[in-house]
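Please examine the sequence and the structure shown here before reading on.

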Amino acid sequence: ALQWVHMLLTKSASRVMQLSQQLWPALFKCLSNPSNDAVRLVIEALARMAPDDDHFGPFCHRLLQQLRLERALLERRGALIIKQLCELL
């Protein structure tokens with residue numbers, strides 16, 4: 001499913017961007033996936049959906065909320081998530 005999102009972002013980014021906030025809940029949930037590769041794919045997709053002003057603020061708010069609510073995610077994957085996002089954004 002993550003590869004499908006990437007393909008859609010490549011082929012029709014503007015349409016995906018219109019639905020980005022509807023896709024975020026599923027993508028943010030995938031940040032807890034045990035696979036580092038899956039988490040990296042999610043981070044790449046999220047980074048591609050967050051570069052403009054209309055999406056960056058809500059994206060950051062949602063990410064911080066997710067990390068605040070899921071302490072285990074913050075402790076286990078927080079550094080990976082932040083490092084990847086810094087490289088991609």
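## Cysteines

With a disulfide defined as a pair of cysteine sulfur atoms within 2.5 Å, the count comes to zero disulfides. The structure is a predicted model, in which local features need pLDDT of at least 70 and side-chain atom pairs count only at pLDDT 80 or more, while totals for chains, interfaces and linings use all residues. Residues are numbered from 1 along each chain as its sequence is written, and side-chain values use heavy atoms, with hydrogens and water left out.

A disulfide is a covalent bond between the sulfur atoms of two cysteines. The closest cysteine sulfur to that of Cys30 belongs to Cys60 and lies 19 Å away, which is too far for a bond. For Cys60 the closest cysteine sulfur is in Cys86, at 9.9 Å, and this is also too far for a bond. In what follows, buried means under 20% relative accessible area, exposed means over 50%, and partly exposed lies in between (1.4 Å probe, protein chains only). Cys30 is partly exposed, at 27%, and Cys60 is partly exposed, at 24%.

## Aromatic rings

Rings of Phe, Tyr and Trp (its six-membered ring) pair if their centres lie within 6.5 Å; planes under 30 degrees apart count as stacked, over 60 as edge-to-face and the rest as tilted. The structure holds three aromatic pairs.

Helices (H or I, at least four residues) and strands (E, at least two) are DSSP runs, numbered from the N terminus. Trp24 lies in helix α3 (residues 20–30) and Phe59 in helix α5 (residues 53–69), so their pair ties together parts that are 35 residues apart in sequence. Phe28 also belongs to helix α3, so its pair with Phe59 in helix α5 ties together parts that are 31 residues apart in sequence. Trp24 is buried, with a relative accessible area of 3%, and Phe59 is buried at 1%. Phe28 is buried as well.

## Helix α1

Which residues are buried in helix α1 (residues 2–11)? They are Leu2, Val5, His6 and Leu9. These residues cover an arc of only 100 degrees around the axis, which puts them on the same side of α1; the arc is that of the directions from the helix axis to the C-beta atoms. An α-helix has 3.6 residues a turn, so residues three or four places apart point the same way. The face of α1 turned away from its buried side carries the exposed residues Gln3, Trp4 and Lys11. The buried residues of α1 pack against α2 (13–18), α3 and α4 (36–49).

## Nonpolar core

A nonpolar core is a set of buried Ala, Val, Leu, Ile, Met, Phe, Trp, Tyr and Cys residues joined through side-chain atoms within 4.5 Å. The largest one has 25 residues, and those with the most contacts inside it are Leu31, Met49, Phe59, Leu63 and Ile81. Two or more residues each come from α1, α2, α3, α4, α5 and α6 (71–88). The largest share, eight residues, is that of α4. Contact means heavy atoms within 4.5 Å. Leaving aside its neighbours within four places in sequence, Leu31 is in contact with Val39, Val42, Ile43, Leu63, Leu73, Arg77 and Ile81.
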